[in-house]
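Visitor: Please take me closely through one part of this structure. I would also like to know how it connects with what surrounds it.

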Amino acid sequence: MDKNTGIGLVLIAAILIGFSLFNRPSEEELARRQHVQDSIALVNRQKAEAMAQQSAVNDSLRALAAQDTLSVEEIEAQHRAQFGALAPAAQGSDEQQVIETKLFRLTFSPKGGMLSKAELKNYKTYGDSINPLVLFAEKDKKQTFTLVTAENRILSTENLYFKPQPVTTDTAGNQVVTFRLETVYPESYLDFVYTIPDSNYMIGFDIRAHKMQNVLAGNVNGLEMLWEQQIPQQERGRRFEERYAQLQYMFTNRDIEKLSESKADREKVTGKLRWIAYKDQFFSTVLIARGEGFETTVLESEPLGKYTGYIKHYTTNTTLAFDPTGNAPTAFSWYLGPNHYHTLNAYDEGVQKYDRLRLRELVPLGWEIVAWINRILVIPMFDLFKRWGLNMGIIILLMTIVIKLIIFPFTFKSYKSAAKMRALKPQVDEINEKYPPEKMAERQQATMALYSQAGASPMAGCLPMLFQFPVVMAMFWFFPTAIELRGESFLWADDLSTYDAILSWDKYIPVISWAFNNHLSLFCILFTVTNFGYTYITMQTQATANDPSAKMMRWMMYLMPLMFFFMFNDYAAGLSYYYFLSLLISILQTMIFRWTLNDKRMLEEMERAKAKKKNAPKKKSGFMARLEAMQKEQQARMREQIKEQAKKQYR
């Protein structure tokens with residue numbers, strides 16, 4: 001080991017030691033962690049003891065149930081033995097309560113006191129033009145809280161009956177629905193309170209205790225919650241819908257993460273969460289904590305089979321703060337509605353930055369720069385045309401024209417650069433013949449000199465394409481996520497948000513069924529045919545059109561449209577329609593460019609530029625100057641190497 005290596009190892013060790021000392025928790029933090037661990041251990045012990053006691057009670061009850069019919073007193077005694085102070089909640093009515101607003105039809109179940117069914121009145125499931133869209137039904141959803149009683153019983157709210165209270169209206173005009181969990185003590189009860197506005201997809205949900213410290217275990221300061229939900233298939237294209245169905249969640253520090261949308265996934269989250277979203281392509285069920293957030297959360301996502309009628313099964317196990325005395329309620333909000341950008345973004349208007357929910361992220365708009373283009377250009381333009389009351393097909397046509405006009409200067413510059421390179425190709429070929437491969441430096445220098453004199457640059461055609469790419473990608477992300485296209489028809493397409501099948505079949509055909517998903521989309525076919533045509537025209541205008549060495553590249557270019565067909569056959573018809581229009585306009589532009597920027601005219605223009613440069617002070621572009629400087633430096637090094645070799649030979 002040399003000296004430098006030893007010093008390096010010492011420095012690395014010092015950095016690691018310093019980092020560990022800097023991040024070492026304080027005595028207060030260590031004590032707090034130990035207290036949390038002790039509390040968890042105590043709760044676990046109490047649960048184990050309670051489960052053992054409850055098992056013995058259940059055995060006794062089963063033995064009694066096997067006997068003759070019991071009297072009322074005996075039934076009450078059973079309930080008291082099984083449920084303790086919560087015995088009044090052992091039985092009740094199963095009659096569900098339905099609340100309607102302009103947006104919802106909500107169904108509440110007394111057993112568990114939970115929202116059991118949510119219907120969105122302004123939307124329909126694909127193929128059902130009569131009934132409202134069911135976001136979730138009672139059989140699809142389960143939400144329960146675990147209660148640890150002072151008698152060491154562990155009870156789940158899903159097995160307890162809540163007593164519905166009269167529906168009231170608050171000062172803001174919202175309907176207030178209350179379900180009360182009664183105990184043997186009249187002054188002790190637990191309320192589930194729902195605040196339902198008439199024209200808002202966000203409803204309030206509060207858990208309010210009233211003197212429950214005498215009923216629940218003394219150390220209870222939190223509630224364990226289990227929330228399971230199956231996401232029904234709502235759209236025509238299942239494979240496409242699966243790509244956008246995912247479980248997302250936001251930390252209290254505003255970071256947003258998600259589970260895998262393509263495979264079963266599980267994540268144990270130690271940080272506090274602000275909200276958890278069970279998301280489909282166009283609709284979401286989001287549970288938002290209005291207090292301290294969800295703690296120690298386990299999230300799971302499982303894809304479901306094709307013929308189940310469901311897309312995903314989501315599960316959440318978490319803990320949340322709870323005050324049994326009732327001094328502070330455990331407050332939530334439910335967002336039950338569409339993944340509509342403006343609707344979700346409105347919840348952050350006028351809100352401080354670190355208090356914003358960022359629910360608009362449920363609408364995927366692409367990478368940061370692409371999402372930025374969608375927010376400041378694509379969405380405002382779409383909203384403008386939509387306000388005119390036009391058909392969605394016409395709106396997409398107008399958007400395509402506007403986008404083409406915006407990127408026209410870049411397209412024109414790119415084509416003009418390609419035309420210059422094509423016109424100069426004969427002269428480049430002469431330079432290549434003049435300088436053999438072993439004189440590569442001289443060949444490159446002569447070629448760059450030719451380009452400089454003619455005012456052409458190999459990079460001039462690439463840079464404009466880089467500017468166009470984010471705009472093209474913005475449209476790629478926008479159309480499949482725009483809920484405004486859902487259910488909108490145009491020509492033969494009855495729904496621009498899904499594929500427009502002109503041919504479909506049910507029988508499984510090996511390879512073909514997998515590749516085409518048992519259908520052919522007409523807009524995708526038109527897009528593919530137009531793409532082949534555009535590729536052919538483009539290849540004819542390239543400087544390498546007759547170059548044998550570029551034969552493989554041309555074949556690859558012709559394979560791309562075929563690959564796009566397999567990719568977009570499942571995509572939204574609106575997106576394929578946009579690409580079809582965009583390519584038609586591109587073909588028209590290319591034909592006009594070929595007529596106005598032919599080789600003869602480009603050579604004349606470059607000759608005029610060359611003559612003008614002779615009479616003007618020499619000024620090279622930064623790129624050309626750096627390239628020539630590098631070539632001269634390389635030539636100087638080669639001459640020095642030759643001199644050194646010559647000296648060695650004479651020695």
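Guide: F104 stands opposite L120 in strand 3. That pair belongs to strand 2 (residues 104–109) and strand 3 (residues 114–120), which run antiparallel and are joined by six bridges. Strands here are DSSP runs of E of at least two residues, helices are runs of H or I of at least four, and both are numbered from the N terminus. Two strands count as paired if DSSP finds at least two bridges between them.

This is a predicted model in which local features need a pLDDT of at least 70 and side-chain atom pairs count only at pLDDT 80 or more, whereas totals for chains, interfaces and linings use all residues. Residues are numbered from 1 along each chain as its sequence is written, and side-chain values use heavy atoms, with hydrogens and water left out.

Strands of a sheet pair through backbone hydrogen bonds, either parallel or antiparallel. In a regular strand the side chains alternate between the two faces of the sheet.

Y194 and L336 touch the most other members of the largest nonpolar core, which has 127 residues. Apart from that core lies another, of five residues, among them M421, V428, M448 and Y451. A nonpolar core is a set of buried Ala, Val, Leu, Ile, Met, Phe, Trp, Tyr and Cys residues joined through side-chain atoms within 4.5 Å. Buried means under 20% relative accessible area, exposed means over 50%, and partly exposed lies in between, with a 1.4 Å probe and protein chains only. In soluble globular proteins, nonpolar side chains tend to be buried together.

Next comes strand 10 (residues 189–196). Seven of its eight residues are buried, so strand 10 is largely enclosed by the rest of the structure. On one pairing, eight bridges join it in the antiparallel sense to strand 9 (residues 175–182), and Q175 stands opposite I196. Strands 9 and 10 make a hairpin with six residues between them. Strand 10 also pairs with strand 11 (residues 202–210), antiparallel over seven bridges, and here L190 stands opposite A209. That hairpin has five residues between its strands.

A further open sheet has six strands in the order 6-5-12-19-18-15, again with antiparallel pairing. Strand 6 (154–156) and strand 15 are its edge strands, each pairing on one side only. The twist in this sheet averages 10° from one strand to the next. Within it, strand 5 (residues 141–148) and strand 12 (residues 222–232) pair over six bridges, with E224 as the bridge partner of T146.

At 16% relative accessibility, S260 counts as buried. Its side chain reaches the backbone nitrogen of S262 at 3.3 Å, and a polar atom of that side chain lies 3.4 Å from the backbone nitrogen of K263. A polar contact is a pair of N or O atoms within 3.5 Å; within protein, one must be able to donate a hydrogen and the other to accept it, and residues adjacent in sequence count only if both atoms are side-chain atoms. Beyond four places in sequence, S260 touches D265 and S301.

As to confidence, the chain averages a pLDDT of 80, and 76% of the residues score at least 70. Over residues 1–10 the pLDDT is below 50, and this stretch has two contacts in the model beyond near neighbours in sequence. Residues 29–33 are also below 50, with two such contacts. pLDDT is the predictor's confidence in each residue, from 0 to 100. Where pLDDT is low, the predicted coordinates should not be read in detail.

Methods:
Contact means heavy atoms within 4.5 Å. Axes are lines fitted to C-alpha atoms, for helices over the stretch in contact, and angles run from 0 to 180 degrees between N-to-C directions.
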